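Student: Could you show me how to read a few features of a model, taking the general idea before the case at hand?

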Amino acid sequence: MPPANPQLETASWRRRIVALIVDWLASTAVVIAVLGFEDYESSAGGFIVLGVFVLESALLTASVGGSFGQLATRLRVVRVDGSSRPIGLLQALARQVMIALVIPPLVYRPDGRGLHDLAVGSATVTLQTFRASQGR
């Protein structure tokens, strides 16, 4: 089912990947700052970074409409039903877990929404598209 709002053009994959890289680097920096470089290099370091990434991006998406990387690259995660509220915390957490599994974002529709977005009723759009959809 296409987005309820026909003006809702999803963001490019290039921009989304840049946001993902920013998120991953920020999560890595947090883990190194908290645990130290030696513990980061341990066999569990990558999983800890993944956990920080999932939590950070879910909390920020549910509270302000996008992860740190998405906000930095001027992207927003919006509800496709046209509501101006960010998606809920459980939706954001489910979405981020699916992104961490890698395959759901790679299976997507022609409108650019992957399985992770379809499952929770969201879309990733540019800040400009978000503002236009809100009448700003």
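Predicted model: local features only at pLDDT ≥ 70, side-chain atom pairs only at ≥ 80, totals over all residues.

Student: What span should the 20 residues of helix 3 have, and how far apart are its end C-alpha atoms?

Tutor: The expected span is 1.5 Å times one less than the number of residues. Helix 3, residues 45–64, should therefore span 28 Å, and its end C-alpha atoms are 28 Å apart, which agrees. The helix is followed by G65, whose phi is positive, near 95°.

Student: Which residues of helix 3 are buried, and what do they pack against?

Tutor: The buried residues are G45, V49, F53, V54, E56, S57, A58 and T61, and they pack against helix 1, helix 2, helix 4, strand 1 and helix 5.

Student: Is Y40 buried or partly exposed?

Tutor: Buried means under 20% relative accessible area. Y40, which lies in helix 2, has 24% relative accessibility and therefore counts as partly exposed. Leaving aside neighbours within four places in sequence, Y40 is in contact with T28, V31, I32, G45 and V49, and of these G45 and V49 are among the buried residues of helix 3.

Student: Why does R16 have no salt bridge, and which side chain of opposite charge is nearest?

Tutor: A salt bridge needs a side-chain nitrogen of Lys or Arg within 4 Å of a carboxyl oxygen of Asp or Glu. For R16, a buried residue, the nearest side chain of opposite charge is D117 at 4.2 Å, so no salt bridge is counted. A polar atom of the R16 side chain does lie 3.2 Å from the backbone oxygen of G112.

Definitions and conventions: Residues numbered from 1 in each chain as written. Heavy atoms only, no water. Helix = DSSP H or I, 4+ residues; strand = E, 2+ residues; numbered from the N terminus. Buried < 20%, exposed > 50% of the residue type's maximum accessible area, 1.4 Å probe, protein only. Contact = heavy atoms within 4.5 Å. Lys, Arg positive; Asp, Glu negative; His and termini not counted. Polar contact = N/O pair within 3.5 Å; in protein donor to acceptor, adjacent residues only side chain to side chain.
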